[in-house]
Amino acid sequence: MKNKIFRNMLIPGCFALVVIFVPGILISFGVIDAYTAQIFTLAGINAIMAISVNVVCGITGQLSLGQAGFMAIGSYTTIILTQTVGLPMPLSIIIAVLVTVIFGILIGFPTLKLQGDYLAIVTLGFGEIIRVVLVNLKSITGGANGLRFTTILAARADYAYFLIIGMLVLVIVLLQNFVRSTYGRAILAVREDEIAANSTGIDVFKYKMIGFAVASAIAGLGGALYAPFIGFVKPDMASFNRSIDYLIFVVLGGMGSVTGSVIAAFVLSTLQEVLRFLQDFRLLIYPLILIFVMLFRPQGLFGMKEISFVKLWDKFVALIQQRKNPVPQGENNG
């Protein structure tokens with residue numbers, strides 16, 4: 001049993017280290033140019049935001065259209081605490097995540113008790129309120145012109161990659177363990193059937209609130225990492241269109257599949273840059289992909305399934321062994 005647990009931790013851990021350090025080292029030595037590194041790093045932020053949306057929509061079973069608003073709160077809080085207050089950036093990021101959670105609780109408390117699409121309507125309005133507030137608080141937020149944020153992450157592509165992809169891996173690991181915990185299983189039970197979950201003694205509102213708070217924290221982290229990486233933020237980052245972009249990643253990857261959302265975020269983020277030669281016509285790719293997915297696989301590419309690196313490793317080992325020791329034709333027929 002201990003060997004199985006160790007093996008289930010070792011294989012994904014080794015894969016995570018390869019994903020973080022191999023490209024990071026190649027970026028440091030210039031094998032991967034800064035432009036490509038920025039695309040991968042931005043895709044990592046998009047993946048964090050996709051996970052945030054998936055926690056609300058796929059795992060908790062609610063619909064939120066305002067995750068970009070939480071991202072904006074995380075970004076602006078990080079910049080203000082670091083540049084204006086003078087706090088170290090790591091501490092500013094932690095506080096920004098906590099502030100975002102507080103806003104998530106304030107939004108979720110009056111709406112999660114309701115049924116239907118009330119949460120979607122409220123979060124949609126919340127995102128627009130955040131955008132308007134950021135535009136009008138010119139003395140603090142810089143108004144429509146936004147704020148600049150000069151950090152070493154904007155200048156060093158390798159540092160930014162190590163930090164953001166490392167945080168992405170950490171979020172995936174923590175979220176996977178959370179879903180397998182008692183709290184996570186209760187949230188999944190609420191998603192499947194609120195009445196049945198309530199009849200078994202599960203506090204439906206409590207676990208909805210926990211799921212929404214976790215999603216808000218992840219969105220705040222995405223925003224807190226976005227600010228020092230890009231070095232510039234504007235109120236438009238809280239717009240409805242940004243929230244829809246992150247929702248597209250989730251719909252394509254699969255509602256409830258964390259790894260599916262991450263893969264979809266990386267594929268679409270990279271595809272958008274690869275097709276830049278099409279200019280504005282490249283924006284047609286998203287709706288076309290969504291149309292085909294909705295027609296032929298409405299549950300998304302991965303549905304609710306997760307990629308198991310342990311199973312992939314077992315299949316790889318079995319394939320190698322099969323090539324080394326092929327089954328004789330006579331035995332195969334007999």
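Lys and Arg count here as positive and Asp and Glu as negative, while His and the chain ends are not counted. The model is predicted: local features need pLDDT of at least 70, side-chain atom pairs count only at pLDDT 80 or more, and totals for chains, interfaces and linings use all residues. Residues are numbered from 1 along each chain as its sequence is written, and side-chain values use heavy atoms, without hydrogens and water.

**View 1. Charged side chains of the protein.** The protein carries 23 positive and 15 negative side chains. The centres of the two sets lie 6 Å apart, each charge being placed at NZ of Lys, CZ of Arg, CG of Asp or CD of Glu.

**View 2. The largest nonpolar core.** A nonpolar core is a set of buried Ala, Val, Leu, Ile, Met, Phe, Trp, Tyr and Cys residues joined through side-chain atoms within 4.5 Å; buried means under 20% relative accessible area with a 1.4 Å probe, protein chains only. The largest such core has 77 residues, and Ile51 and Val233 have the most contacts inside it. Helix α11 (residues 204–230) gives the most to this core, with 15 residues; helices are DSSP runs of H or I with at least four residues, numbered from the N terminus.

**View 3. Surroundings of Ile51.** Leaving aside residues up to four places away in sequence, Ile51 touches Leu168, Val171, Ile172, Leu175, Ile218, Val258 and Val262. Contact means heavy atoms within 4.5 Å.

**View 4. A second core.** Nine residues form a second, separate core. Among them are Ala16, Ala37, Tyr161 and Val169. Of the 334 residues in the protein, 45% are buried.

Definitions and conventions: Buried < 20%, exposed > 50% of the residue type's maximum accessible area, 1.4 Å probe, protein only. Helix = DSSP H or I, 4+ residues; strand = E, 2+ residues; numbered from the N terminus.
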